[in-house]
Amino acid sequence: MFGKRSNVADRPASPMRVAAPAAPPSNMSAPRSAAQPSAALLDAEAPIRSKDYFDTKSLVFNAMIEVIDVSMLSKMESETARDEIRDVVSEIIVLKNIAMSMGEQEDLLDDICNDVLGYGPLEPLLARDDIADIMVNGATRTFIEVGGKIQLTNVRFRNNAQLMNICQRIVSQVGRRVDEASPICDARLLDGSRVNVIAPPLAIDGPALTIRKFKKDKLTLDQLVRFGAISPEGAEILKIIGRVRCNVLISGGTGSGKTTLLNCMTNYIDDDERIITCEDAAELQLQQAHVVRLETRPPSLEGTGAVHMRDLVKNCLRMRPERIIVGEVRGPEAFDLLQAMNTGHDGSMGTLHANSPREALGRLESMITMGGFTLPAKTIREMICSSVDIIIQAMRMRDGSRRITHITEVMGMEGDVVTVQDLFLYDVLGEDANGKLVGKHRSTGIGRPRFWDRARYYGEEKRLAAALDAAEIEPTK
Ligand SMILES: Nc1ncnc2c1ncn2[C@@H]1O[C@H](COP(=O)(O)OP(=O)(O)OP(=O)(O)O)[C@@H](O)[C@H]1O
Ligand SMILES: [Mg+2]
């Protein structure tokens, strides 16, 4: 057999049933502590795995790596490698007298193949479409977010070294590395999922791996309406805002749905517009033909070669863009984006972290101030006013649902203060018996938003008037 170092039979077989392996990895033998979260938090779909299972797996795995050259396996076709592992695992099970059903044996084989050939215990989570985020806090605790709620899973790694190997495998696929010398790393899985790794010594309890799962079929505005994230009239207004080249900022907290919303908004950009996207890790999926996608680059190990968001945005301006889309504005590139919005690149868009439209304006101002631009506050605010047309606020509510809570227009300046006007709001009215929030989207009753003339210029004013007329104004109690 290719990849084998020696025959399993050469090894002394221990005559045991596997409850107590000679030297189980430390995390395997740890009993579930009282500090473990309650069962209610556990992921309902994951198979229940006993300590015996992990002990058996650890025993079989240790026996396997003594007879098989794992590094050779990873270079083989996955089917061939799997057959190889199947042979060895079956032999070990027989030789060591491990009592197992065929089903259990298949599960064990899957698990071991995942460890050796793929992303180990993460594989079943990566294969699931209903998971939004995977959060691994060291070898023993892996959480997932499903339907807006965070749950603990049964997934465990043999030890932190195995977890670190998997992290390394992930990031090396996009030419990056993570180790003690460079313990922070952003990367992407081959399927497009966004990955962050922070390793010891910075992460005290073992490597922390965070994955934002890539959704092949990105949510559309119509789906957001179906989920109740926005009302049909609100969605219609967003479509018009996207089409008529308003400059848009999407504001929201972590995981509130900013990127998803940005992606939705780009669907309404006309096909003949040249769009340039700048992102830290490419997540957007634009449907248009004329798109150039740019991505930042972290510094090399020697600390050279970094390309920052600001470099990309500045470069964009020399690429004859019609619209510039910035995945996330978090630093001095805010200045360049505003300049672009202000100088003929109408319809540019970006997201930023803030908890309300008003806070988004403040964040934008402080990003510019902290970027070392010595401009008076009033000048920066004037610049913001003349650049940004609309702020859309996304929020992850306390019941796990995600909603668009504000569609707000930037109006102008009154003295030193930027004035804004809400067009659409989400009112929380209460909670149902299952703890789900009950609420309603409503229009604030503004009949002529500031972008009316722009809508008319694009022939969309009738559609805009109809959507504003149809929207409910008073929240129904
Ligand atoms: N309205 C929605 N309803 C249900 N799920 C949603 C909704 N909006 C977004 N999601 C899901 O929530 C997850 C997070 O969304 P997204 O990546 O857009 O958030 P984000 O605000 O950009 O996060 P981050 O701050 O980490 O960049 C994704 O899996 C996405 O599919
Ligand atoms: Mg995002």
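Strands β1 and β6 run antiparallel and are joined by five bridges. In this predicted model, I134 has I211 of β6 as its bridge partner. Strand β1 (residues 131–137) also pairs with β2 (residues 141–146), again in the antiparallel sense, over six bridges. Here M135 stands opposite F143 in β2. The hairpin of β1 and β2 leaves three residues between the strands. Within that hairpin, G138 takes a positive phi near 75 degrees.

P201 sits in the loop between β5 (194–198) and β6 (208–212). Most peptide bonds are trans, and most residues other than glycine have a negative phi.

One is N97, with phi near 60 degrees, a positive value in a residue other than glycine. N97 belongs to the loop between α4 (78–95) and α5 (102–117). Is N97 buried or exposed? N97 counts 12 other C-beta atoms within 10 Å, and a residue with 12 or fewer is classed as exposed, so N97 is exposed. The other is R245, also not a glycine, with a positive phi of about 65 degrees. R245 lies in the loop between α9 (232–243) and β7 (248–252). For R245 the count is 21 other C-beta atoms within 10 Å. The threshold for burial is 20 or more, so R245 is buried.

Now turn to the interior. In soluble globular proteins, nonpolar side chains tend to be buried together. The largest nonpolar core in this model has 68 residues. Those with the most contacts inside it are I237, I241, V248, V313, L337 and I392. Which helix gives the most to this core? It is α12 (residues 333–342), with six residues. Leaving out residues up to four places away in sequence, I392 touches V248, I250, L261, I404, H406 and I407.

Helix α14 (residues 377–387) has two sides to compare. I380, R381, M383, I384 and S387 are buried in this helix. Seen down the axis of α14, the buried residues fall within an arc of 155 degrees, so they line one face of the helix. The face turned away from that buried side carries K378 and T379, which are exposed. What covers the buried residues of α14? The cover includes the helices α12 and α13 (357–370), along with the strands β13 (402–414) and β14 (417–431).

Last comes the ligand site. The shell around ligand 1 has 16 residues. A132, A229, G257, T259 and T260 come nearest to the ligand. Helix α10 (residues 258–266) supplies the largest share of this shell, three residues.

Notes. Residues are numbered from 1 along each chain as its sequence is written. Chains are lettered from A and ligands numbered from 1 in the order in which they are written. This is a predicted model: local features need pLDDT of at least 70, side-chain atom pairs count only at pLDDT 80 or more; totals for chains, interfaces and linings use all residues. A nonpolar core is a set of buried Ala, Val, Leu, Ile, Met, Phe, Trp, Tyr and Cys residues joined through C-beta atoms within 7 Å. Helices (H or I, at least four residues) and strands (E, at least two) are DSSP runs, numbered from the N terminus. Two residues are in contact if their C-beta atoms, placed from the backbone, lie within 7 Å. A residue is near a molecule or strand if its C-beta atom, placed from the backbone, lies within 6 Å of it. The arc is that of the directions from the helix axis to the C-beta atoms. Two strands pair if DSSP finds at least two bridges between them.
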